Amino acid sequence: MEKIIEESKQGESLVLEQKPENTKKLFIESYGCQMNFSDSEIVASILHGQGYNTTQNLEDADLVLVNTCSIRDKAEQTVRKRLEKYNAVKSINPGMKVGVLGCMAERLKAKFLEEEKIVDLVVGPDAYKDLPNLLAEVEEGRDAINVILSKEETYGDISPVRLNSNGVTAFVSITRGCDNMCTFCVVPFTRGRERSRDPQSIMDEIADLHSKNFKEITLLGQNVDSYLWYGGGLKKDYEKATDMQKATAVDFAQLLDMAATTYPKMRFRFSTSNPQDMHDDVLYVIAKHHNVCKYIHLPVQSGSTRILKEMNRQHTREEYMALIDKIRAIIPNCAISQDMITGFPTETEQDHQDTLSLMQYVNYDYGFMFAYSERPGTSAARKLEDDIPEATKKRRLAEIVALQRQLSLNCTEAFVGQVVEVLIEKESHRSDQHWSGRNSQNTVAVFPKEHYKPGDFVLVRIDSCTSATLIGEAIGFSEMN
Ligand code: SAH
Ligand code: F3S
């Protein structure tokens with residue numbers, strides 16, 4: 001697995017505001033997508049009410065929870081290694097209990113309890129509200145498991161505790177699950193069917209973040225453009241909704257418009273979009289509001305129509321290109337990023353060339369690129385032989401990564417000489433004299449601190465760049481303050 005820019009920090013332990021009356025200690029860490037990090041905030045919030053404060057120290061923990069990812073084999077191997085580490089710690093802290101959350105819990109179910117003796121508790125992504133009951137069983141010395149997937153659960157009524165927060169940016173989840181059934185992907189099996197969260201509870205969460213001075217919200221889901229609230233229930237059951245429910249339904253464009261209009265001094269992002277669900281009305285909402293970031297993460301996976309069909313993606317190469325043209329016409333300064341998979345079964349050299357030429361066509365700002373990893377139980381695993389040699393997958397991956405680096409540099413160079421609006425998030429990794437933040441297009445910018453502080457929207461003149469970072473100097477506050 002390779003990528004051009006850093007994903008959210010992997011396996012980071014989380015810090016939580018503490019309740020003095022809580023006596024038990026929870027160590028919780030997350031792997032994988034932003035949704036897992038967001039779910040861990042929900043879990044920590046539930047356990048906060050059960051007598052647990054968090055600790056950064058594995059050796060002190062009464063309970064260790066690991067929120068896991070199944071997307072590629074390597075992600076699962078990383079978690080298995082962590083379990084070995086917990087095992088070692090258990091010899092000096094024998095009372096410690098270990099629970100597995102998230103996608104691996106859902107995929108492996110009771111097998112986890114059999115295969116990994118260290119594990120006492122297995123909880124799938126829709127069962128976190130059952131944690132108090134499950135923990136009661138564990139405390140009595142029994143293993144406990146709940147991996148039931150839900151039609152309704154969105155955790156809309158749980159106010160997540162912001163863990164490891166910079167106090168400026170936050171994630172708000174708006175949908176759960178995925179109905180797309182891409183043939184390579186394990187997510188529909190581990191996270192269940194798609195459902196949307198009540199817009200009122202989303203707006204309440206944003207109001208709370210606004211009152212705490214947060215400045216940027218990322219609306220989160222496996223497929224946010226497919227968001228549809230019609231009173232609850234699965235997306236696939238929308239057809240069965242009453243006329244009244246349909247008349248008052250809220251879609252993604254409306255939700256985004258509502259959030260951006262209500263909070264003009266907060267900035268909004270969203271992730272992830274699926275090309276088949278990206279409709280014009282969303283593009284117009286992005287174009288209309290200064291505070292909706294001009295950035296779309298638009299995974300395509302391959303530039304070959306034949307491979308897209310094998311992947312069960314619902315569009316051709318040409319339809320994707322037409323969507324890109326439309327985005328460029330409606331939102332001229334929009335950044336676009338990709339996810340790509342190399343070495344999907346049957347991928348030929350020509351298919352790979354099609355991917356490279358599509359990348360050139362789009363001129364992606366950046367991307368997340370992966371070698372195909374066969375996932376047990378998926379339709380690709382059942383029907384197609386994993387027939388591309390590892391070395392070929394790796395070579396093709398290296399080629400698309402190298403091309404993306406070049407494209408990213410084109411994109412960052414285009415900002416040199418311009419003034420961009422940056423929301424300051426934190427100190428730069430490289431220098432304690434510089435702030436780091438992102439512009440609307442999601443490109444990182446660093447500049448001398450002067451009198452500015454995290455949470456300020458600042459106009460920055462860009463003087464130079466690398467393929468991933470803009471370097472410049474602040475010239476004043478922007479009107480977003
Ligand atoms: N819609 C989702 C996509 C989740 S998976 C979202 O919220 O981001 C993220 C990316 O992992 C996918 O876009 C795909 O590029 C990659 N991926 C998924 N399954 C994979 C597999 N079996 N092998 C390699 N990469 C995979
Ligand atoms: Fe996976 Fe495709 Fe959904 S990549 S998360 S099945 S959109």
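Ala, Val, Leu, Ile, Met, Phe, Trp, Tyr, Cys and Pro count here as nonpolar, Asp, Glu, Lys and Arg as charged, and the others, Gly among them, as polar. This is a predicted model, in which local features need pLDDT of at least 70, side-chain atom pairs count only at pLDDT 80 or more, and totals for chains, interfaces and linings use all residues. Residues are numbered from 1 along each chain as its sequence is written.

**View 1. The second largest pocket and its lining.** A pocket is an open set of points on a 1 Å grid over the protein atoms alone, where a 1.4 Å probe fits, with protein on both sides within 12 Å along at least five of seven lines; lining residues have an atom within 4 Å of a point. The volume is about 420 Å³, taken as the space filled by probe spheres set on the points. Of the 23 lining residues, N333, C334, F415, N439 and Q441 lie nearest the centre. By class, 10 are nonpolar, 8 polar and 5 charged.

**View 2. Where the pocket lining comes from.** Domain 2 (169-413) and domain 3 (419-477) each supply at least three residues; these bounds come from an automatic or database domain assignment. Strand β19 (residues 419-427) gives the largest share, 3 residues; strands are DSSP runs (E, at least two residues), numbered from the N terminus.

**View 3. β21 and its two partners, β20 and β23.** Strands pair if DSSP finds at least two bridges between them. Antiparallel β20 (residues 434-438) and β21 (residues 444-448) share 5 bridges, with R438 partnered by V444. Between these strands the hairpin has 5 residues, and N442 takes a positive phi near 75 degrees. Parallel to β21 runs β23 (residues 469-477), joined by 3 bridges; here A445 stands opposite L470.

Key. Chains are lettered from A and ligands numbered from 1 in the order in which they are written. Side-chain values use heavy atoms; hydrogens and water are left out. Helices (H or I, at least four residues) and strands (E, at least two) are DSSP runs, numbered from the N terminus.
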